[in-house]
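Me: I would like to go through this structure by question and answer. Please look at the sequence and the model first.

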Amino acid sequence: MRGGAVLETLVGVIVLVVAVVFLVFAQGRLDSDPSAGGYELQARFSEIGALTRGAEVRVSGVPVGSVTAIDLDTETYFAQVRLRLRRDVLIPADSTAKITASGLLGGAYVEIEAGGDDDMIAEGGEIVFTQGAVDLFELIGGFVSGGRGGGDS
């Protein structure tokens, strides 16, 4: 009977050690913000969908920053989104920011499509060209109701 208790205790200790290692690893991943020490830009969107503070900002699919704040512009009623980007990632002035999702059930993020302008957006500047989030349910509903041939039957 005593051997069983020792074995159970040993298994419990191993489980606790593995859990602590996992938590330390997860915390390290959370703290590794690619935009730490970076600079801020802003963008205005007509619809942000499921975008949240802390969401990734990507250029060509590569994470280069994060969303630091989301607020409502009470004059235009557009969502004002602040982005923090890595210092080494400069964004051309004619770039486009769009809100997209990581698959059907994935979280929303901001994708920046770099333009070809020689002028770069200065720190604190704004990405002027934006595309808001697409409501998937509205899109599917439009397809279902409007995709039956277009004429009256």
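Reply: Two residues are said to touch, or to be in contact, when heavy atoms lie within 4.5 Å. The model discussed here is a predicted one.

Me: Which residues does Ile70 touch, not counting residues up to four places away in sequence?
Reply: Ile70 belongs to strand S3, which covers residues 62–73. Its relative accessible area is 31%, so Ile70 is partly exposed. With residues up to four places away in sequence left out, the residues that Ile70 touches are Ile48, Leu51, Thr52, Arg53, Gln80 and Val81.

Me: What distance separates the C-alpha atoms of Ile70 and Ile48?
Reply: Ile48 is among the residues that Ile70 touches. Along the chain the two are 22 residues apart, and their C-alpha atoms are separated by 9.2 Å.

Me: Is Val81 buried or exposed?
Reply: Val81 is part of strand S4, residues 78–85. Beyond four places in sequence, Val81 touches Leu41, Gln42, Ala43, Phe45, Ile48, Leu51, Val67, Ala69 and Ile70. Buried means under 20% relative accessible area. Because the relative accessible area of Val81 is 0%, this residue counts as buried.

Me: What distance separates the C-alpha atoms of Val81 and Gln42?
Reply: Gln42 is one of the residues touched by Val81. The two residues stand 39 residues apart along the chain, with a C-alpha separation of 5.5 Å.

Me: What area does the nonpolar surface patch cover that includes Val18?
Reply: Val18 is located in helix H1, residues 2–31. It has 54% relative accessibility and therefore counts as exposed. Together with Leu7, Leu10, Val11, Ile14 and Val15, Val18 makes a nonpolar surface patch of about 560 Å².

Me: What pattern does the protein follow along the sequence?
Reply: The protein contains two helices and eight strands. Read along the sequence, these elements give the pattern α-β-β-β-β-β-β-β-β-α.

Me: How many of the contacts between residues at least 6 apart in sequence join residues at least 24 apart?
Reply: The protein has 153 residues, of which 25% count as buried. For contacts between residues at least 6 apart in sequence, the share that joins residues at least 24 apart is 63%.

Note on methods
Residues are numbered from 1 along each chain as its sequence is written. This is a predicted model: local features need pLDDT of at least 70, side-chain atom pairs count only at pLDDT 80 or more; totals for chains, interfaces and linings use all residues. Side-chain values use heavy atoms; hydrogens and water are left out. Patches are made of residues with over 30% relative accessible area and no salt bridge: like charges are joined within 9 Å, nonpolar side chains (Val, Leu, Ile, Met, Phe, Trp, Tyr) within 5 Å. Accessible areas come from the Shrake-Rupley method with a 1.4 Å probe; for residues, only the protein chains shown count as cover. A salt bridge is a side-chain nitrogen of Lys or Arg within 4 Å of a carboxyl oxygen of Asp or Glu. Helices (H or I, at least four residues) and strands (E, at least two) are DSSP runs, numbered from the N terminus. Buried means under 20% relative accessible area, exposed over 50%, partly exposed in between (1.4 Å probe, protein chains only).
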